[in-house]
Structure formats: C-alpha cells, structure tokens
Amino acid sequence: MYRKFTADFIFTGSEILPADNVVIATEDGTIIETITKAEAGDDIETYNGILTPGFVNSHCHIELSHMQGAVPTKTGLVEFVQQVMKNRNADAEAKTIAMHAAEQELYNSGTVAVGDICNTTDSIELKQNSKLCWHNFIEVSGFVDGAAEKRFADAKNILKEFNSTLNTQHSTLSPHAPYSVSKTLFQLLNDATANQLITIHNQECAAEDDLYKSKQGDFLNLYKNFGIDISGFVPTGKSSLQSWVPYFTKNQKIILVHNTFITQDDIDFINTQHSTLNTQHYSCLCPNANKYIEQQMPPVELLRNNNCSIVIGTDSYASNWQLNMLEEIKTIQAETSFSSPLAEVLQWATINGARALQLDKELGSFDKGKKPGIVLIDAIGDLNVTKESSARRIL
C-alpha cells in the first residue's frame with residue numbers, strides 16, 4: 001500500500017521542487033520515488049507548505065531534560081556550567097518522565113535522529129524502545145591529569161553498558177570540552193576512538209581561548225569553586241581549538257559543537273590538520289542555546305564562506321526553551337547577516353546531519369529506498385520560514 005504526498009514545495013534533501021511533484025512512500029515510510037503529479041494518479045495527500053525529510057538533531061542532551069527552566073538565561077557559559085553541575089541531580093522518576101516528554105516533542109516536531117550526549121546510563125531505558133535513531137556520545141571529562149585513568153575507566157564502563165544494551169545503536173566515547181579534558185585524557189581518547197565518530201563542545205565562550213592562550217579568564221573561578229587544582233596546566237599560547245585538535249591523529253570524524261568564537265585562523269588550522277591527518281569535521285550550530293547562555297550567535301557566515309560542513313542541534317532543555325529543530329532554523333534565518341537560502345539551511349538540518357551521524361544510507365533525503373520520515377513545514381513565505389511556521393511529522 002502506497003501513500004502519495006505533495007505540497008506547495010518539496011525539499012528532497014538537496015533541492016526544492018515545485019508543487020507539481022509527488023513523493024510516494026510505503027506505509028512504513030520507505031521512499032519509492034518522487035514523480036510528477038501527471039504520473040502519480042489519484043489519492044494524493046495535498047498540504048500547504050513545504051515537505052522535507054525528517055530532521056537530524058546533531059547535538060542534544062536528553063538526560064538533562066528534567067532541567068527545563070532550572071538555569072536562568074544570560075548567565076554566561078562559566079556560570080551556566082557551574083549551575084548544571086550543582087543542580088543536575090534529580091530522582092529517577094522525574095528524569096524518566098522528562099526524557100520521555102522531550103523525546104515526544106522531538107518526534108512530533110519532525111526529528112528522526114539525535115546525536116546525544118550521555119554522562120550516565122539514565123537514557124538507556126528510553127532508547128530501548130524509541131521511535132528515533134540515536135548516536136550516543138559517552139562524554140569524558142576531567143581536567144586533572146592525575147585523575148585521567150579513573151575518569152577514562154568510568155566512561156568506558158558506561159560505554160560498555162550502552163553497547164551491551166543498545167547493540168543496534170552506535171555509541172562512542174567523546175571529550176566534553178577543551179576546558180574540562182586534561183592532556184592525558186585527550187591522549188587516552190585518541191587511542192580509544194581511532195576511525196570513530198566523536199564530538200566536542202568547542203569555543204562556546206571567549207574564556208575558553210583565554211585559558212589556553214594565557215591561563216587567564218573566567219574558567220579559573222570555576223576551578224577554584226570546585227576545588228580543581230590546575231597548577232599542572234600549561235597554557236599553549238594558542239586558541240583552544242588549535243590546542244586540542246592535534247591530539248586526534250587516528251582518522252576520527254569530529255563534530256565540533258557551538259563554535260561561537262571560532263576564527264578564520266582556527267578554520268585554516270583545522271583544515272590543514274585534517275588534511276594532514278586524514279580526519280573530517282562538521283560544524284554544529286545550536287543558535288538558541290548560544291542565545292540562552294551567552295546572548296551570542298555563532299559566526300554562520302564565516303563557516304559558510306569557508307565551505308564548512310554545517311549541521312544543526314538543539315542542545316538541552318537546560319539551555320534552550322524547546323527541542324524543536326525548526327526553531328533553530330528560524331533563528332538562523334532571522335539573525336544572520338546574510339540571506340540564507342532555505343534549501344541550504346534545510347540541508348544542514350537533514351542530509352548533512354545524517355552524514356555527520358553516519359546515518360545517511362537511511363535518512364536525510366527522499367532518495368529511493370530510504371526511510372527518512374516526511375515532515376511538513378507550514379506558513380512558508382517567499383520560500384522562507386516565518387515566525388508562524390511550525391513543523392510536524394506526517395509520516
């Protein structure tokens with residue numbers, strides 16, 4: 001049994017087609033073909049708006065869903081991190097209820113796959129029966145070299161539980177952020193993640209570069225407040241990115257998240273390094289989280305002008321008002337200095353994300369044989385989303 005879908009426009013994963021086209025899929029969502037209305041026959045479901053493959057949320061923290069509204073806006077990253085560390089604990093039932101509600105929001109608003117940061121095993125039960133695809137990034141942190149072996153062993157135990165319980169999903173170790181991972185821990189991660197996909201929070205605030213360039217800035221207060229001895233840390237005199245990238249030498253694919261303070265020099269550096277070391281990187285934008293915490297937009301035009309492989313994420317309920325990918329698209333279109341074509345931004349949210357999470361054989365486009373989900377975005381104006389636009393899954 002086939003279903004046939006058309007709308008004012010159809011985004012295929014690479015281009016926008018006009019209304020005289022029809023997407024044909026089976027009841028389970030497998031794409032059969034995209035053809036003209038004249039070829040499609042009767043029983044076509046017609047919608048107002050644009051049809052698109054399901055969204056791929058390349059960066060989320062589902063296990064922080066119980067923290068919705070718990071951290072005030074505009075705190076700056078250092079204070080935000082401290083508040084999350086102090087307040088992330090809750091009873092198991094509250095966490096479970098919040099995660100299930102968040103997953104339902106993701107599903108209803110068109111997300112089909114998630115790159116999810118995991119510090120615990122809290123989300124395993126949710127993911128065992130989830131309607132979404134997941135790549136689980138088991139986050140590793142610890143800024144003191146002397147604790148690196150224990151921190152690494154703890155993370156490997158969590159990874160083992162994910163792999164044994166969710167053996168059809170991909171799970172990999174990943175560093176949290178340059179300000180929370182020691183030299184020894186980076187070295188351990190490099191050996192453990194050869195030929196794998198990893199992710200890292202990168203240059204989310206200016207203080208991250210201050211730390212690596214001169215051992216100054218707001219992060220010193222964080223270490224002091226939590227009793228973390230950083231006497232052994234030696235600044236590199238370089239930016240954060242230029243300090244951590246050389247640790248990864250074993251064909252890793254890396255999703256760099258936030259990149260709010262990345263520069264042209266950083267992009268040139270990572271391109272040179274990745275060409276030399278045969279690695280690949282993606283630049284993940286989470287604009288609403290950046291606005292929530294730092295009141296700062298990432299340099300979208302800089303990334304775009306350098307042909308960076310851009311993907312999109314929502315981050316967590318601790319740092320966002322919702323987990324709706326369309327709201328990230330709206331913010332990108334409304335608050336960047338260039339006119340971003342909708343087709344290009346939709347690529348970031350669909351096929352680019354699928355490629356980044358290595359799920360593009362099944363997701364990200366309306367190619368024959370894939371099961372990418374079909375999502376409707378309504379209230380389209382001049383081939384752009386509007387403030388009134390909403391997204392919902394129709395298959």
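## Strands and sheet

Helices (H or I, at least four residues) and strands (E, at least two) are DSSP runs, numbered from the N terminus. Two strands pair if DSSP finds at least two bridges between them. In this predicted model, local features need pLDDT of at least 70, side-chain atom pairs count only at pLDDT 80 or more, and totals for chains, interfaces and linings use all residues. Residues are numbered from 1 along each chain as its sequence is written, and side-chain values use heavy atoms, without hydrogens and water.

An open sheet is formed by 4 strands in the order β10-β11-β12-β13, with parallel pairing. Its edge strands, β10 (197-202) and β13 (310-312), each pair on one side only. Strands β11 (residues 253-258) and β12 (residues 280-285) are joined in the parallel sense over 5 bridges. Isoleucine 254 is opposite histidine 281 in β12.

## Glutamine 203

Glutamine 203 lies in the loop between β10 and α7 (206-214). This residue has a relative accessible area of 0%, so it counts as buried (under 20% relative accessible area, with a 1.4 Å probe and protein chains only).

Leaving aside neighbours within four places in sequence, glutamine 203 is in contact (heavy atoms within 4.5 Å) with residues including Glu208, Ser239, Asn259 and Asp266.

Elements that give two or more residues to the lining of the largest pocket are α2 (77-87), β8 (133-140), α5 (148-165) and α8 (219-225). The largest share, 5 residues, comes from α2.

Notes: Buried means under 20% relative accessible area, exposed over 50%, partly exposed in between (1.4 Å probe, protein chains only).
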